[in-house]
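Please read it alongside the sequence and the structure.

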Amino acid sequence: MSFSTVNPATGEFVKEFPLQSDAQVFAALATADTRYREDWKHRSVAERAQILARAARILREKRDEYARYPTLEMGKIVSQSYGEIELVADILDYYANNGEQFLAPQPLPGEPGATLVAEPIGVILAIEPWNFPYYQLARVAATQLVAGNVVMMKHAENVPQCALAFARLFEEAGAPEGVYTNLFCSIDQVAKLVDDFRVRGVALTGSERAGTAVAERAGRNLKKVILELGGSDPAIILEDAPLDFAVEQCVMGRTFNSGQGCVNVKRVIVVGKERGEQMLAALTARFAALKVGDPHDETTALGPVVSERALEGLLKQIADAKAAGARIVHGGRRVERPGFYLEPTIVADIAADNPLYQQEAFGPVLSFYVVNSEEEALELANATRFGLGSFVFGADIEHAKRVASRLEAGMVYINSCFADSPGLPFGGVKNSGFGRELSELGIGEFINRKLVRVA
């Protein structure tokens, strides 16, 4: 395993970065632990917040530099790279502005003299993926640094320049050595870090397989872990939903970030046969009109997927679905150009025994279903081991809320496929993981709510 940059838009190798030795990794852990115990946890929340605010300011000032790396390393179209930078800066500002309030002592109603005091717990190890190479890091770093913990970050192997850039951001903002540490380490070294007592919590965003392995190891070491894993996010189109708007949202919700998002729309479920035919025709026309191409081109709507391996995996999922009786309505093939491009794809007639019925397709592949009733739509939406995001489209908002209450998901969005905000908690249920990031909930995952009672 190595950390290296390969341009998904061309397939060209760019640069490789060496793995750290065990001695380097554990020297970094020693530095982080010492920094936490002797310095960082003793600073006021306001002092820590100032560094987050400076990081947000630097990120906005250097947005052109920072936007280059995601487009180079994972093929994010350039407008979306800028959008991610703005969201990350907003997250840093959000915790800089609200950290003191979130961490303030809380008197317990009805218990005279009793107060909950928020205290940090130590070194937090984070293991993060490539698909939002700054946003995924910020969801952990902003919350934990303002809380007084220190963070050691093992980023994905294919976005090393994004990882280094994010570490530089905190260094430039004035964070001392050991507060935020980037790691170019192996899976075996991660396991050893989880085993080390100085690491007090673990956060992971990734696959079910990775989540299972990390949770098992953390559990053996009596350490808290938060997991954000996969999703098979359904969008239910109710009988009164305006179809044109639902089509617009679902096209963007499926193809944003080349379909490589945990809460991208994965399955569209339309109530009513006639409306289903209308929506499928409209989705097909919109997919056919999408411009696939160079992520640096501002007119591109769909860039490459992240790697040759990812592309081959998607092509196999499509072929297996077709072999099991599904219908490829649009796309389904590799785009004939350099790089790792997949045609935007719509798959219909997916039976319950089709492998795609339960799989997450992590790319621009939309599963399409038509059902006869709202009850069938809910049953289908919940017929998955995942429970991350869900979407409901309908004109009657109160009715849509009742439908939302029956969806097995950590997040339900009504009449929108996009609602990213620092103040909204992010996380799922079932095999999509547990714990929450962002909002006030995110800051509380790795703190000790200590009871102090004066008799």
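Helix H5 (residues 135–147) supplies the largest share of the lining of the largest cavity, three residues. The model is predicted, so local features need pLDDT of at least 70 and side-chain atom pairs count only at pLDDT 80 or more, while totals for chains, interfaces and linings use all residues. Residues are numbered from 1 along each chain as its sequence is written, and side-chain values use heavy atoms, with hydrogens and water left out.

**Cavities**
- The largest cavity has a volume of about 200 Å³.
- Of its 18 lining residues, Phe 132, Gly 261, Val 263, Asn 264 and Asp 420 are the closest to the centre.
- Six cavities of 30 Å³ or more are present; a cavity is a set of points on a 1 Å grid over the protein atoms alone where a 1.4 Å probe fits but cannot get out, and lining residues have an atom within 4 Å of a point.

**Cysteines**
- The disulfide count is zero, where a disulfide is a pair of cysteine sulfur atoms within 2.5 Å.
- The sulfur of Cys 250 is too far for a bond with the closest cysteine sulfur, in Cys 417, at 4.7 Å.
- For Cys 162 the closest cysteine sulfur is in Cys 262, 16 Å away and also too far for a bond.
- Cys 162 is buried (under 20% relative accessible area) at 0%, and Cys 250 also counts as buried at 0%.

**Surface patch**
- Met 1, Leu 19 and Ile 187 form a nonpolar surface patch with about 300 Å² of accessible area together; patch residues have over 30% relative accessible area and no salt bridge, with nonpolar side chains joined within 5 Å.
- A salt bridge is a side-chain nitrogen of Lys or Arg within 4 Å of a carboxyl oxygen of Asp or Glu.
- Ile 187 lies in helix H7 (residues 187–195) and is exposed (over 50%), with a relative accessible area of 61%.

Definitions and conventions
Patch = residues over 30% accessible without salt bridge, like charges linked within 9 Å, V, L, I, M, F, W, Y side chains within 5 Å. Areas by Shrake-Rupley, 256 points an atom, 1.4 Å probe, with all protein chains shown as cover. Helix = DSSP H or I, 4+ residues; strand = E, 2+ residues; numbered from the N terminus. Buried < 20%, exposed > 50% of the residue type's maximum accessible area, 1.4 Å probe, protein only. 1 Å grid on protein atoms, 1.4 Å probe; cavity = no way out; pocket = protein on both sides within 12 Å on 5 of 7 lines; lining within 4 Å. Points joined across faces, edges and corners; volume = space filled by probe spheres on them.
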